[in-house]
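Today I opened my notebook beside a new structure.

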Amino acid sequence: MRLLQQKLIKYDAPQKTKEAGIYPYFRAISSEQDTEVIMSGRKVLMFGSNSYLGLTNHPKVKEAAIEATKKYGTGMAGSRFLNGTLDIHVELEHKLAKFVGKEEAIIFAAGMLVNVGVIPALTGKDDYILWDELNHASIVEGVRLSFSNKMKFRHNDMESLEKRLQSCNPDKIKLIIVDGVFSMEGDVTKLQEIVNLAHKYNANIYVDEAHSLGVFGKNGQGVCHHLGLTDEVDLIMGTFSKSFASIGGFIATDSITANWLRHNARSYIFSASPTPAAMGAVSAALDIMMSEPERFEHLWQLTHYALEGFRSRNFEIGHTSTPIIPLFIRDNEKTFMITRDLFEEGIFVNPVVSPAVAPKDTLIRFSLMATHTIPQIDFALDKITKIFKKYGVI
Ligand SMILES: Cc1ncc(COP(=O)(O)O)c(C=O)c1O
């Protein structure tokens, strides 16, 4: 065996969970992606999707993807920089910029590529990046790629952030990066307080709105818009893989910053641009968001109902106030076993286990779509309560 394989063969954690019959990953869906799916040959209720508006299956969104493919073809075969820009990329960038309230938007082939490309392009080696410890992994990777001084602050802890800001050289750039809604625990960033600190210490702000676009604001414009703080935030990041029912991502910002990024963000320049089908789908999803505010109202009705349902049954759900509801278990093995039992009861949820989180922080991530119904939530509440009781978690 060669050296590489000698090292990798020692990694047997997946085999162990497979042997124990609790391996929860890579289950294939063989149906439409809706609130009910066929997964590994079994009909289950989907409470693990990030498609908060349930648009992946919307006829207008599908039709737009098909029409764009018919007109432009299936792939791009080049980066936006060179041969990979279509008129629909440019049109969608204008639409997105207007939607979130910034001068310009730049579309990337994935949300992950936005964070790993934009973050290291912005600040230099004498500057500072201050980031919340629960930020998404794509931000963590973007920060790792940066040559700047990196400062992690405690989750949503403004004292911790201020201490870091105090230790920075006042003459250097200080970029604060946070998730708008934190992806695993569903809590919202303390944006007003961050803005106050940014004013006090002359810092810039970058907000990842992956889980808040399509959720917050009358038409889903996100947390910055919802809190009336769009102008205070320098960069707004979004992804198309959640409420926008497709794949890709974007950064929205002022024209000066956009000009720099278009010519310096390496994951933008050195990666092929997103497909026509994705652009068609996102554009149609955006139109639906603008014209059907009742979708958001329904999503929030369901969210309040589910939050109250879990709280009244004594689940530990942390500080969430959004369609992402963490059900803390705080035990790795139990989290795997509960996920398996729920699947057998007809409920799909995502386990969040170590090493992604510390073993004492493991949880099941329950997430809602605007297309869910109250009876589906009632069914899930009953089953989840039964299984959590079985393992002595509640
Ligand atoms: C907060 C956050 N940012 C960025 C991303 C990356 O987005 P994408 O799936 O489009 O690569 C995700 C997706 O999981 C996310 O949750």
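Below are my entries on a sheet, a lysine and some aromatic rings.

**Ground rules.** I am reading a predicted model, where local features need pLDDT of at least 70 and side-chain atom pairs count only at pLDDT 80 or more, while totals for chains, interfaces and linings use all residues. Residues are numbered from 1 along each chain as its sequence is written, and side-chain values use heavy atoms, with hydrogens and water left out.

**Entry 1: a sheet.** I looked up an open sheet and found three strands in the order β1-β2-β11, with mixed pairing. My strands are DSSP runs of E with at least two residues, and helices are runs of H or I with at least four, both numbered from the N terminus. Two strands pair if DSSP finds at least two bridges between them. Which strands are at the edges? They are β1 (36–39) and β11 (347–348), and each pairs on one side only. I then followed β1 to β2 (residues 42–46): the two run antiparallel and are joined by four bridges. In β2, L45 stands opposite E36.

**Entry 2: a lysine.** Next I went to K174, in strand β6 (residues 174–179). Is K174 buried or exposed? K174 is buried, that is, under 20% relative accessible area with a 1.4 Å probe, protein chains only. K174 has no salt bridge, which would need a side-chain nitrogen of Lys or Arg within 4 Å of a carboxyl oxygen of Asp or Glu. The nearest side chain of opposite charge is D171, 7.1 Å away; I count Lys and Arg as positive and Asp and Glu as negative, leaving out His and the chain ends. I did find the backbone oxygen of P170 at 3.2 Å from a polar atom of the K174 side chain.

**Entry 3: ring pairs.** How many aromatic pairs does a search of the whole structure find? It finds eleven. Rings of Phe, Tyr and Trp (its six-membered ring) pair if their centres lie within 6.5 Å; planes under 30 degrees apart count as stacked, over 60 as edge-to-face and the rest as tilted.

F216 and W300 are edge-to-face, at 5.1 Å centre to centre and 65° between the planes. F216 sits in the loop between β7 (204–208) and α9 (223–226) and W300 in helix α13 (residues 294–312), so this pair ties together parts 84 residues apart in sequence. Both F216 and W300 are buried.

The ring centres of F315 and F388 are 4.9 Å apart and their planes are at 55°, so I noted this pair as tilted. Finally, ring pairs link F47, F310, F315, F366 and F388 into a cluster.

Definitions and conventions
Buried < 20%, exposed > 50% of the residue type's maximum accessible area, 1.4 Å probe, protein only. Polar contact = N/O pair within 3.5 Å; in protein donor to acceptor, adjacent residues only side chain to side chain.
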